[in-house]
Amino acid sequence: MAVRKKDEGKGQGKDGSEHESKHAGSVVEPSLWERMERPAPTPRASLTLERIAAAAVEIADEEGGGAVTMRRLAQKLGVAPMAAYRHVASKDDLWALMIDRVSRELTVPDDVTDWREVLRSFALQTREMMLAHPWTGSMPTPLISLTPSRMAMAERQLAALASCGLDADPMMAAFRAVSSYVHGSTQSEIALREYKERHGWASGDETRQALAPQMNYLMSTGRYPTYERYGLSAARKDDQAWEFEFGLDCVLDGIAERLGI
C-alpha cells in the first residue's frame, strides 16, 4: 500500500480536514474501494472508476483479457494514458475493478436462508458469470480478490453457514471447498471450450472424432477398462451443466454429512 511522507505527520480526512496518521510522519493512501465510494470531485468529471471498469470489461469480453492494457483502455475511453493512471495506479487495481463489476449482479434474495440453497445459488451464478466472461478464470488477480462485490458474496454464504452453529474454521473450510469446486470446474469447462474453438470443432462429436486415433490406440492397450466403459455407455458426455450441478451436489452432500448440518 502506498505511503506518502508528510513533514507534519498529518493527512487529509474524508471531509478535507487534517488527521493524525497512525504512524508519525506518514499518511496511508485511501484504498481503491474507499476512493470509489467517494463522490466525484466535480459534477463535470467525465473519467470515473465506474467508467474505467465498464470499458475494461468490454475490452476483455471482446478481445480477451490479455488485450486489457492501460494504453488500450485509454484509447477506448478517448483519453491520454496518464489520465487513466491518475485513477487506477496499477494493473492489479484495474483487474480488481473488472472482477468487482462482473460480480455485482450475483445475489441471493434475503428470504433464502437455507445454507445449502444460498451456496448452491451463488455457485450456479458464478459458473454462468465465468462462462460469460471467460477472462475471469485466467487473470493474474483471481476471483477471490478482495472487492466489495466479492466480499458481499462471501459474507452472505458465510452467514448462512454460521447460522447452523458452525465454528469459524469449519465454516470457512466449507465455504472454500464449494468455491474451489466452482472455480476449478468452470475453468476446466472454459479451457475445453477454447481448445475446441482453436481447432474448429463445433460439437462434442466433432471433438471425439478428431481425437479418435489417439483414443482408439489408448483403449486398445486394455489398460483403461473403466474409462472405456464410460466412453461406450455415458449418455451425458456433452451436458456440462448437468455434470457441474451433479458434482456441486456431491460437494454439498459431503459438507452436510461431515458437519451434520
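This note goes through the helix packing and the salt bridges of a predicted model.

1. Overall make-up. The protein chain has 11 helices and four strands. Of its 261 residues, 34% are buried. Contacts between residues 24 or more positions apart account for 64% of the contacts with a separation of 6 or more.

2. Helix H8 against helix H11. Two packed helices are described by the angle between their axes and the distance between the axes. For H8 (residues 168–199) and H11 (residues 240–259), the axes come within 11 Å and cross at roughly 165 degrees. That angle makes H8 roughly antiparallel to H11, since angles over 145 degrees fall in that class. The crossing of H8 over H11 is right-handed.

3. Residues in the H8–H11 contact. On the H8 side the contact includes Pro 170, Ala 174, Ala 177, Val 178, Tyr 181 and Val 182. Ser 185, Thr 186, Glu 189 and Leu 192 also belong to the H8 side. H11 contributes Gln 240, Glu 243, Phe 244, Gly 247, Leu 248, Val 251, Leu 252, Ile 255 and Leu 259. Sorted by class, the H8–H11 contact holds 13 nonpolar, four polar and two charged residues.

4. Glu 243. This residue lies in helix H11 and is among those that meet H8. Its relative accessibility is 48%, so Glu 243 counts as partly exposed; the cut-off for exposed is over 50%. Glu 243 and Ser 185 are 58 residues apart in sequence, and their C-alpha atoms are 9.5 Å apart in space. Ser 185 is listed on the H8 side of the contact.

5. Helix H6 against helix H11. H11 also packs with H6: the two axes come within 11 Å and cross at roughly 150 degrees. H6 is therefore roughly antiparallel to H11, and H6 passes H11 in a right-handed crossing. From H6 the contact takes in Trp 115, Arg 116, Leu 119, Arg 120, Ala 123, Leu 124 and Arg 127. The H11 residues that meet H6 include Gln 240, Ala 241, Phe 244, Glu 245, Leu 248 and Asp 249. Leu 252, Asp 253, Ile 255 and Ala 256 are likewise on the H11 side. By class, there are 10 nonpolar, one polar and six charged residues in the H6–H11 contact.

6. Salt bridges within one helix. Which residues of helix H9 (residues 204–220) are separated by about one helical turn? They are Asp 205 and Arg 208, being three residues apart in that helix. Their side chains meet in a salt bridge with an N to O distance of 2.8 Å. Asp 205 is exposed, with a relative accessible area of 54%, whereas Arg 208 is partly exposed at 33% relative accessibility.

7. Arg 104 and Glu 50. The model has 14 salt bridges in total. One of them joins the side chains of Arg 104 and Glu 50 at 3.3 Å, N to O. Arg 104 lies in the loop between helix H5 (91–103) and helix H6 (115–132), and Glu 50 in helix H2 (residues 49–63), so the pair ties together parts that are 54 residues apart in sequence. Arg 104 is partly exposed at 32% relative accessibility, and Glu 50 is partly exposed at 34%. The C-alpha atom of Arg 104 is also separated by 10.0 Å from that of Thr 147, 43 residues apart along the chain.

8. Lys 76 and Glu 58. A salt bridge joins the side chains of Lys 76 and Glu 58, with 3.2 Å from N to O. Lys 76 is in helix H3 (residues 70–77) and Glu 58 in helix H2, so this pair ties together parts that are 18 residues apart in sequence. Lys 76 counts as partly exposed at 32% relative accessibility. Glu 58 is partly exposed too, at 38%.

Terms used
Residues numbered from 1 in each chain as written. Predicted model: local features only at pLDDT ≥ 70, side-chain atom pairs only at ≥ 80, totals over all residues. Heavy atoms only, no water. Salt bridge = Lys/Arg side-chain N within 4 Å of Asp/Glu carboxyl O. Helix = DSSP H or I, 4+ residues; strand = E, 2+ residues; numbered from the N terminus. Buried < 20%, exposed > 50% of the residue type's maximum accessible area, 1.4 Å probe, protein only. Axes fitted to C-alpha atoms, helices over the stretch in contact; angles between N-to-C directions. Parallel < 35°, antiparallel > 145°, perpendicular 65-115°, else oblique. Left-handed = near helix turned anticlockwise from the far one by under 90°. Contact = heavy atoms within 4.5 Å. Nonpolar A, V, L, I, M, F, W, Y, C, P; charged D, E, K, R; others polar.
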